[in-house]
Amino acid sequence: MNVTINWFAFVQVFLAALTSAVLVVGFYALGLRMLVRAGRAPVVAPADFTDAIAVITEKEAHRAEKAAAKAAKKSPLTDGQRRVALWAAYGCFGLAAAAVLAGLVLIVVGH
């Protein structure tokens with residue numbers, strides 16, 4: 001029994017995985033950055049876990065929400081610039097989703 005490895009195919013898969021990971025993470029991070037620049041910082045309510053190591057209290061969550069609202073008021077951007085940043089954020093999230101869907105299509109169709 002002789003096992004041969006197609007190294008060119010291995011390198012192709014490695015480069016495709018690396019490129020797609022960079023694209024998805026990069027577009028998502030840029031989308032979050034644009035969302036914050038638009039004054040819409042995502043504030044996530046804490047989850048209640050029975051065995052959690054650290055759970056923030058309602059007071060801490062309210063304080064974080066208040067700080068995000070204060071930071072949004074201090075933004076030097078005009079309303080038009082905020083609107084552009086918001087649409088740029090949506091575009092980046094869309095590109096990240098498109099990269100994920102393209103990968104799924106390649107897996108399902110292009111096997």
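Me: Why is Trp87 called exposed?

Reply: Good place to start! Exposed means over 50% relative accessible area, buried means under 20%, and partly exposed lies in between (1.4 Å probe, protein chains only). Trp87 has a relative accessible area of 59%, so Trp87 counts as exposed. A word on the background: this is a predicted model, where local features need pLDDT of at least 70, side-chain atom pairs count only at pLDDT 80 or more, and totals for chains, interfaces and linings use all residues. Residues are numbered from 1 along each chain as its sequence is written, and side-chain values use heavy atoms, with hydrogens and water left out.

Me: What makes the pair of Trp87 and Tyr90 edge-to-face?

Reply: Rings of Phe, Tyr and Trp (its six-membered ring) pair if their centres lie within 6.5 Å; planes under 30 degrees apart count as stacked, over 60 as edge-to-face and the rest as tilted. For Trp87 and Tyr90 the centres are 5.7 Å apart and the planes stand at 90°, so the pair is edge-to-face. Both residues lie in helix α3, three residues apart, about one turn of the helix. In general, an α-helix has 3.6 residues a turn, so residues three or four places apart point the same way.

Me: Why does Tyr90 count as partly exposed?

Reply: Tyr90 has 41% relative accessibility, so Tyr90 counts as partly exposed.

Me: How many aromatic pairs are there by this rule?

Reply: The count comes to three. One of them joins Tyr28 and Phe93, and this pair is tilted, with 5.5 Å centre to centre and 50° between the planes. Tyr28 lies in helix α1 and Phe93 in helix α3 (residues 79–108), so the pair ties together parts that are 65 residues apart in sequence. Tyr28 counts as partly exposed at 47% relative accessibility, and Phe93 counts as partly exposed at 23%.

Me: How many helices and strands does the chain have?

Reply: Helices (H or I, at least four residues) and strands (E, at least two) are DSSP runs, numbered from the N terminus. The chain has three helices and zero strands, giving the pattern α-α-α along the sequence.

Me: What span is expected for helix α1, and what does α1 reach?

Reply: The expected span of a helix is 1.5 Å times one less than its number of residues. Helix α1 (residues 7–37) has 31 residues and reaches 44 Å from its first C-alpha to its last, close to the expected 45 Å. Helix α3, with 30 residues, reaches 43 Å, close to the expected 44 Å. After α1 comes Gly39, whose phi is positive, near 85°.

Me: Which residues make up the largest nonpolar core?

Reply: A nonpolar core is a set of buried Ala, Val, Leu, Ile, Met, Phe, Trp, Tyr and Cys residues joined through side-chain atoms within 4.5 Å. The largest has five residues: Leu35, Ala38, Ala85, Leu86 and Ala89. Helix α3 gives the most to this core, with three residues.

Me: Which residues of α3 are buried, and what do they pack against?

Reply: In α3, Ala85, Leu86, Ala89, Cys92 and Ala96 are buried. The buried residues of α3 pack against α1. Contact means heavy atoms within 4.5 Å. Not counting residues up to four places away in sequence, Ala85 touches Met34, Arg37 and Ala38.

Me: What share of the chain is buried?

Reply: Buried residues make up 11% of the 111 residues in the chain.
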